[in-house]
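Visitor: Hi, I have a structure to go through and would like to talk it over with you. Could you look at it with me?
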Amino acid sequence: MLIGSEILTSAQMRAIESDAIGSGAVTGLALMEQAGAAAAALIQQATPSPKDVIVLCGPGNNGGDGYVVARHLHDAGWSVRVLGMDNTPGADAAHMKDMWLKRGQIRPLSDAQLMCEPPANIYVDAIFGTGLTRKVAGDLHRILLRLGGRNDDAERYSGRIYAIDCISGLDLDSGQMPGWSSEHMQHAPRANMTVAFHRPKPGHLLRPGCLLTGDLQIVDIGLPETKGTVSPAPPLQAIWPQFPFSRSQVRPAIAQRLAKSPLDHKFRHGHALVIAGGAEHAGAARLAARAALRIGAGLVTICPPSQAMPEHNTTPDALMRHPVDDTQELQDLLADPRITAICIGPGCGIARATALLPAILAAGRPCLLDADALTALSRDRSLFARLHEKCVMTPHEGEFSRLFPNIAAKQGRGPTDQLTPTPSRIDMLRMAAHQSNAVTLLKGPDTVIAAPTGACYIHTALDVPWLATAGSGDTLAGIATGLLARSLPATDAAALAALIHASAARKFGPGLIADDLPEQIPAILQMLLT
Ligand SMILES: NC(=O)C1=CN([C@@H]2O[C@H](COP(=O)(O)OP(=O)(O)OC[C@H]3O[C@@H](n4cnc5c(N)ncnc54)[C@H](OP(=O)(O)O)[C@@H]3O)[C@@H](O)[C@H]2O)[C@@H](O)CC1
Ligand SMILES: Nc1ncnc2c1ncn2[C@@H]1O[C@H](COP(=O)(O)OP(=O)(O)O)[C@@H](O)[C@H]1O
Ligand SMILES: [K+]
């Protein structure tokens with residue numbers, strides 16, 4: 001399996017913490033001290049003077065971290081005000097609260113108090129973290145809305161919020177804000193930076209949580225390494241390069257998959273077929289074919305119907321062309337065992353996809369299904385039933401809803417004050433991959449990829465919104481096809497394709513059109529391989 005940064009749910013995190021404390025490896029107090037000290041150090045690094053801060057401390061251990069942050073910033077010479085709660089916190093948080101009380105006072109954590117406070121340069125949100133048990137209501141909700149600028153004083157808080165573990169009220173398992181209406185979401189607080197501990201959580205990476213998280217900093221607080229040991233849950237990983245702390249671990253695994261041996265010839269790097277359709281959408285299939293060549297497939301053949309062949313007499317010259325008019329011609333081509341991957345969908349046409357899919361799925365070879373092929377699959381459930389684990393489907397949200405109407409219908413259902421009101425994108429993708437028996441990649445700024453085994457990847461790319469351009473998905477399909485042709489396992493091919501696709505957009509920058517994406521691949525390969 002491809003290596004990324006392990007993502008842990010809140011329950012897994014709590015289990016690791018209590019195991020570590022139970023075994024005597026570490027104390028809860030030491031963990032809290034490390035967490036708060038690391039957060040204070042990062043806040044100091046990130047902020048210019050004047051060094052004037054209000055720390056908002058909740059009733060649990062997140063609040064305990066807040067008292068540690070307050071103490072460290074005070075000892076570093078900052079002007080620190082603390083708003084806290086009367087509740088009796090746990091022993092560790094109570095100890096940290098007492099340590100703070102030796103340095104300064106605590107005013108009530110209330111909306112009225114926050115409103116009365118003279119403005120600060122920085123606000124630290126240490127109200128709730130992984131211990132959220134229900135929607136945030138009443139006065140605490142009003143505080144969060146104020147931080148989000150609902151009271152026409154947005155400039156007081158904007159760009160000044162630093163969150164401990166997460167923006168309070170965020171469900172770190174789903175990325176949702178339970179109980180927040182869409183009107184309220186417009187005033188959800190947004191962190192400039194979130195300092196989280198040990199591992200990222202799903203909610204940091206999934207919408208809307210990722211939009212509220214800001215710069216995500218993951219810090220080590222002295223918990224033992226757990227990679228691969230949090231079973232029986234199937235692995236959940238974030239795809240590099242979002243977490244610089246793991247670059248050195250992850251790069252060799254990627255390089256190993258992308259490198260070519262000096263002893264290999266082109267057929268060792270696979271032969272990809274890209275099924276094209278009518279002349280009017282010829283560009284989509286050509287974009288996919290070009291990307292498959294650039295990512296290193298040994299040979300790529302584009303297969304339009306014969307009357308559209310003239311449309312494909314253009315660059316790249318490296319592309320081979322072979323007409324396919326019917327199932328028999330496709331089966332004749334597929335008799336060549338050196339064809340190692342097939343891409344169908346981009347610019348193919350729904351009728352043509354419906355006609356050719358039975359032969360493609362029956363071949364049992366790695367195949368990439370996108371666009372019109374997904375529409376064909378959603379209309380013909382007997383085709384859907386023939387999907388297999390070497391298939392990769394790359395739907396956007398509309399295509400996903402058509403392919404998996406039963407799963408999509410679960411969205412938006414359920415009582416809104418439950419902690420996780422609807423299935424998360426991770427839950428949805430795991431269900432989809434299980435139901436289809438195919439690797440499924442749901443496109444978007446928070447792309448989620450799941451395998452029928454339950455293994456799951458998240459690739460968040462909030463910094464490349466210019467990827468939302470016509471043909472961008474065709475290029476993603478081509479990159480994944482090229483990687484399948486090069487015999488990467490389907491899950492790795494999908495995950496690496498998402499990474500390379502977004503990296504290519506990042507490299508080019510604004511103004512990108514889909515044609516530019518394949519041209520960035522050499523530089524991305526250079527970066528990943530050296
Ligand atoms: N895990 C680790 O390794 C480490 C974790 N650390 C830190 O601990 C944090 C987790 O701490 P935590 O478990 O005490 O939870 P936290 O987020 O403070 O909230 C719990 C409190 O809030 C209350 N409450 C909940 N929801 C509510 C609501 N909607 N409205 C009102 N109240 C609500 C709940 O009350 P109850 O549900 O019991 O009534 C309870 O009192 C974690 O995010 C990190 O910052 C670090 O110190 C180092 C190592
Ligand atoms: N706001 C965004 N930020 C980052 N990536 C995005 C964003 N919107 C779309 N994308 C990515 O751009 C691609 C668009 O694919 P798709 O919708 O199939 O477009 P097309 O059909 O025009 O090729 C996907 O890879 C998706 O993940
Ligand atoms: K918080």
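This is a predicted model: local features need pLDDT of at least 70, side-chain atom pairs count only at pLDDT 80 or more; totals for chains, interfaces and linings use all residues.
Visitor: How many bridges join S6 to S7, and do they run parallel or antiparallel?
Guide: S6 and S7 are joined by 3 bridges and run parallel; two strands count as paired if DSSP finds at least two bridges between them. Residues are numbered from 1 along each chain as its sequence is written, and chains are lettered from A and ligands numbered from 1 in the order in which they are written.

Visitor: Which residue of S7 does Tyr162 stand opposite?
Guide: Tyr162 stands opposite Met193 in S7. On the S5 side, 3 bridges join S5 to S6, again in parallel, and Tyr123 stands opposite Ile161 in S6.

Visitor: Which way do the S6 residues point?
Guide: Ile161 and Ala163 point one way from S6, whereas Tyr162 and Ile164 point the other way, and all of them are buried; buried here stands for 20 or more other C-beta atoms within 10 Å of the residue's own, exposed for 12 or fewer, and partly exposed for anything in between, with C-beta atoms placed from the backbone.

Visitor: OK, and what is the strand order of the whole sheet?
Guide: The sheet is open and has 7 strands in the order S4-S3-S2-S5-S6-S7-S8, with parallel pairing. Its edge strands are S4 (106-108) and S8 (215-219), each of which pairs on one side only. On average, neighbouring strands of this sheet are turned by 25 degrees against each other, direction ignored. The strands, like the helices, are DSSP runs numbered from the N terminus, with at least two residues (E) for a strand and at least four (H or I) for a helix.

Visitor: How is S2 joined to S3?
Guide: S2 (residues 52-57) and S3 (residues 79-84) run parallel and are joined by 5 bridges, and Val55 stands opposite Val82 in S3.

Visitor: Which strands does H2 lie across?
Guide: H2 lies across S5 (122-126), S6 (161-164), S7 (193-197) and S8, and runs at about 155 degrees to S7. The axes behind such angles are lines fitted to C-alpha atoms, for helices over the stretch in contact, and the angles run from 0 to 180 degrees between N-to-C directions.

Visitor: Switching to the ligands, which residues come nearest to ligand 1?
Guide: Of the 27 residues around ligand 1, Gly60, Asn61, Asn62, Gly129 and Gly131 come nearest, where a residue is near if its C-beta atom, placed from the backbone, lies within 6 Å of the molecule. H1 (10-22), H2 (28-46) and H3 (61-75) each supply at least two residues of this shell, and H3 gives the largest share, with 5 residues.

Visitor: And which ones come nearest to ligand 2?
Guide: Ligand 2 has 17 residues around it, and Lys443, Pro445, Leu467, Ala468 and Gly473 come nearest. H20 (residues 472-485) gives the most to that shell, with 4 residues.

Visitor: What does UniProt list as "binding site"?
Guide: The UniProt record, an unreviewed entry, lists Lys443, Gly444, Pro445, Asp446, Thr447 and Gly473. They are spread over 31 residues of sequence but cluster in space, with a largest C-alpha distance of 14.2 Å. Such annotations may be inferred rather than shown by experiment.

Visitor: Is Lys443 buried or exposed?
Guide: Lys443 is buried, because 23 other C-beta atoms lie within 10 Å. The residue sits in the loop between S16 (439-442) and S17 (446-450). Leaving out residues up to four places away in sequence, Lys443 touches Thr394, Pro395, His396 and Gly473, a contact being a pair of C-beta atoms, placed from the backbone, within 7 Å.

Visitor: What about Gly444, buried or partly exposed?
Guide: Gly444 is partly exposed, because 18 other C-beta atoms lie within 10 Å. S16 and S17 form a hairpin with 3 residues between them, and Gly444 in the turn has a positive phi of about 150 degrees.

Visitor: How many bridges join S17 to S18?
Guide: S17 and S18 (residues 456-460) run antiparallel and are joined by 5 bridges, with His459 in S18 as the bridge partner of Thr447.

Technical notes:
Two residues are in contact if their C-beta atoms, placed from the backbone, lie within 7 Å.
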